[in-house]
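Student: Could you walk me through how to read a model like this one? I'd like to start with strands and then move on to helices.

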Amino acid sequence: MSEQPMRPATPMLRQIAEHRSLLQRFMGVSKEWKGFALLLLGGLGLSNLAIAYVVIDGRLDGQWYDIRDLGNVTQHLRSWMQDEGFHPAVPYLTTALLGALGILSVVGGWLLIGSWVERRVLAKFQIRQGPNRTGPFGLFQPIADAVKLMQKEVVIPRVADKFLYYAPPVIIFIPAILGWGPVPWAGKMSFLDLNVGVLYTIAISSLGVLGVFLAGWSSNNHYSLLGAMRTVAMMVSYEIPISLALLAVVLLTGSMQLSTIVAWQANYNAWLIFLLPFAAFTFLFASTAEINRTPNDIGEAESEIVAGFYTEYSGMKAGLFMGVELGNAILVGAMMATFFLGGYTMFGLETWIPGYLILAAKIGAVYFLFVWLRGTLPRFRLDQLMGYAWKFLIPLSVVQVLLVAVEASIFARWETPALFPLAAFALLNLGLTVEMVRRWAHALGYAPEVAQQQPVMATAIGGLKAAQKMRGG
Amino acid sequence: MILAFFALSGLTVASALLVFVARNLLHALAFLVLSFLGMAGLFLTLSADFIGVAQVLIYAGSISVLMVFAVMLTPLASRNNGSTLYVIPAMLAAGGLASLIGFVAIDTEWDERKGEALGVSDFTTTVAGIGDLLLGRYLLAFEVASVLLLFALLGAIVLVQERRRAGEEA
Amino acid sequence: MNSTAEPYVLNIGPQHPSTHGVFRVRVVMDGEVIRDLDMIVGYLHRSMEKLAEERTYTQNIPFTDRADYLAAMSGNLGLALGIERLAGIDVPERASYLRVIFAELQRVASHAMANGTLVSDAGAWQTPLLYMFREREKILDLFEMTCGARLTTNYMRAGGVSFEPPAEFWPALNELVAELPGRIDEYMELLADNEIFLARTRGIGIITPEDAINGSLVGPALRGSGVPWDLRKAEPYCVYDRFDFDVPVGTRGDVYDRFMCRMMETRESVRILKQAIAQIPPGPHKNDVPLALRPPVGEVYSRVEGPRGENGFYLVSDGGPAPYRFHLRAPSLINLSLLRELARGASLPDAVVTLGSIDIVVGEIDR
Amino acid sequence: MPPIPAIEDLSITLAHYLGLAGTVFAIGTVIALSKRNAVAVLMGVELMLNAVNLTVLAFSRFSAAFEEGGSAPLEGHVFVVFVLTVAAAEAAVALAMAVLVYRRRETVDLDRFNLMRG
């Protein structure tokens, strides 16, 4: 076709052509490694069988080596200490420290791998590779990032309010840790099984507002202040739908204790997400607003106000804000799992697998959903979000609370097996939710057919006259 | 318990004092929240778990945010936390009040009321009891309080609503 | 809205995630609402038009790469057509077809970039942008195969194009053209019906046809507001009159219409590409033109429909080897001039999306 | 969580709580009386309300010893619930008024509110 000499295609094209998929890479692995992998899988299967045998045997229940519920360990430790005649404060303090250590290691561990997970998963959504240079699969990337952040110079704006500038990264971290208190990880495994657990959760989540606001205000920067005001307005608004959604949960289960809520779901084998779909949606959506995640991340909307309330923070202070964001995401995951997804139970699977692993898996699933949303959806505008909360979520949540109150009183007087009323409630709630959402949306003036009017093909070419002709006909 | 009481009361009193001393209104606000939190802790030591958590929710979470908005909606110039000349009479009056309460507290024979019997009827849960009382004996008061809240909400909205006068550009 | 709040001044840029380069806006804001704004340009000024008066016509072609650096081919084409008209140079037919192919590829690449950044401005964190970059990468690979450069191509010359595409080019191009419609459908599926995206872009930044014409808007910004004006149809250059394609025109003139116009234009570009590949005749890709070209005394204004609109080049020759006057009519600059009217009274997020939908390239604004 | 150690082996008495409440109330009084800024005055009032709540709860808790069983001691809690409600309402209205007064008079300085002065 041409007289030009043959030139090779670009190096990038060649690299893409030579890229091997994961399966191809596995097939290329040497025989020894394949054998090792098979051995590993076989060993795992065998050990599972052994565990199953012991569990069926009932030999494990409640012993200190029953790792399905780490609460057993602390229980035995405590009773041993009481038998030994320590001062009553000693077992109290010891178990409290153990629990705090557990929570801190969960949150801290997640801070170490969470950003890797997010970046890696997001990269897969965005047809990229993600971090893959530091360590295997780039696993050490968060550590490298943390070291980098800590080495960075902390720049403090000269006009910043020094005292209030230093406090927020710490203030905002406290609720992110405290919120883990009432979460039940297994039957006996919750740090602070308050009987006002639900209220506690809401109260703790409302504490973060102040840190955000102080961060934005003390930086003395318009972007920070805008971000802070947006975040505060949104957090205050979205606390109401969250409270109403949780109120529905409390009404149906009849308890504010998180472990009781989980036990209720396990008892009736009914996750609340099936019974209260609208509450679950409200909780999830409002939580994304509370913790500043897409599609509601307007508090730190990058394309508008740079980094929102922590624009002026640098080094590890900014790192703390980002860490809190990660920590809050899994905290919401844990809450979502506990309230709506059956917590540490999984239709009887919790007798075989440790409950905390099930909860962790559910948290991971919710976190994956968050990352998915972040990889997919654009961002709302502030007024749209506020309108959504006040005009849409709150009225419908109130209606739902009334409905659930009626259902709960029916359920409390029900004699026959609980399956029938629960199934009826599930169907009724689903149907009513769909109908309510549709009608209310139309009542608010939502009209999809107008919104999706597409451009047309020109029938004439020219200036204003052609435009008018096209508009006229 | 002793430790908890003294730590929390120290926190509460110190931050309440700092609210008075702080020169910047927002600093004062931050200390006020700290004081509220200490107070919530004190409530918990009185085994009032519901009230303690409600204190965190309402005071530390909501009223402080309201105050933040009030501070933000007024301009920079009015963000100082100065005192008027009334400070000295106020201090005298408050000192008198505090010493009166302290005198009564110390002078009264409370000793009989701290006896060993206290441990027995530790409330395990206050929520159910409070709920029963609110919707039982104090139902009328409860309803009136809800109406009061509603009217306060409406009143606040009406008060700060923008009245656009005729001829004024937006 | 809140008329009693104190307005304040917010400085957006020159370093800001959504100013698309080093462009600065000084905004007077009242809460979240923009009361007024000043656009401050010139951070990327390179004195292109004056420098051009010291260089020969051929040496000036690289300037057009660096003006609109996202649509170098269109800029090259506009200047090359201008020089040819000024000096009366003929172009072989194959070269015209190659020019159309590369200009349309450039349009696809540039629209991918524009729409990707627009959606990114609307808050979809880079995902659509990166997907659209996938196509752009392939197109840039084709450019690299052909002329060795990906961004600053310097490909069109007076009298033809600089290189004949290599043998691998044609299969790669065919493959790309075959897969592009599916990709565009994918983006439409992801974005065109997305409720959040609709909520963010419908009814935002509306430009009426009258305003658009009075503001002398060009390109998708003009067509998005309902004026069916496309230079490829109105005064066809190269061989555009031989192809069958449509011009999408918006109905409401908002951000969404501009976005959709770009998307649909990409489809039309693919149609043109298919026809051009089928019709391209054999022959030389270039006529011999002296390097030190000395056109006769005269002036010429040549314009092509670039991705951002009318790319105009005004050349005045005094008979010497260098142009006496060299002027770019940069579509970005003129489209941008309406931003002030659009953003007044809008909220900050709306203004950001509007700016994204106008699709500016700062290299072209500042020159 | 193990049960919180019972109060019996501790020596915090009602007097401690009352003294603390008195101190906080006094500080609140000083703030409420002497501050120039309307919001600061409100802070003082909130502190005073808190101190009263503490007193009520302390009485409620320490009188629990004498009425075994029964819900009588929880009446203090109910009272505090009402105080919280009223405080929230009061804060909302007071802050709205502060904002309104600022809009009208360009200041929230209480010394300048002398419209009623003859």
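Student: Which residue does A:V456 stand opposite?

Tutor: Keep in mind that this is a predicted model. Look across to chain C: A:V456 faces C:V249 in β6(C).

Student: In what sense do the two strands there pair, and over how many bridges?

Tutor: Strand β1 (residues 456–457) of chain A pairs with strand β6 (residues 248–249) of chain C in the antiparallel sense, over two bridges.

Student: How many residues does each chain bring to the contact?

Tutor: One general idea to have in mind: the size of an interface is often given as the accessible area lost when the parts come together. Here we have residue counts, with 61 residues from chain C and 48 residues from chain A. On the chain C side, helix α5 (residues 127–147) gives the most, with seven residues. By class, that side of chain C has 34 nonpolar, 11 polar and 16 charged residues.

Student: Now helices. How do α4 and α5 of chain A pack?

Tutor: Check the angle and the distance. Helix α4 (residues 71–84) and helix α5 (residues 89–125) of chain A pack at about 160 degrees, with their axes 9 Å apart. Angles over 145 degrees count as roughly antiparallel, so that is how α4(A) and α5(A) run relative to each other. Their crossing is right-handed.

Student: Which residues meet there?

Tutor: From α4(A), they are A:T74, A:L77, A:R78, A:M81 and A:Q82; from α5(A), A:V90, A:P91, A:T94, A:T95 and A:L98. Sorted by class, this helix contact has five nonpolar, four polar and one charged residues.

Technical notes:
Residues are numbered from 1 along each chain as its sequence is written. Chains are lettered from A and ligands numbered from 1 in the order in which they are written. This is a predicted model: local features need pLDDT of at least 70, side-chain atom pairs count only at pLDDT 80 or more; totals for chains, interfaces and linings use all residues. Two residues are in contact if their C-beta atoms, placed from the backbone, lie within 7 Å. Helices (H or I, at least four residues) and strands (E, at least two) are DSSP runs, numbered from the N terminus. Ala, Val, Leu, Ile, Met, Phe, Trp, Tyr, Cys and Pro count as nonpolar, Asp, Glu, Lys and Arg as charged, and the others, Gly among them, as polar. Two strands pair if DSSP finds at least two bridges between them. Axes are lines fitted to C-alpha atoms, for helices over the stretch in contact, and angles run from 0 to 180 degrees between N-to-C directions. Angles under 35 degrees count as roughly parallel, over 145 as roughly antiparallel, 65 to 115 as roughly perpendicular and the rest as oblique. A crossing is left-handed if the near helix is turned anticlockwise from the far one by less than a right angle, and right-handed if clockwise.
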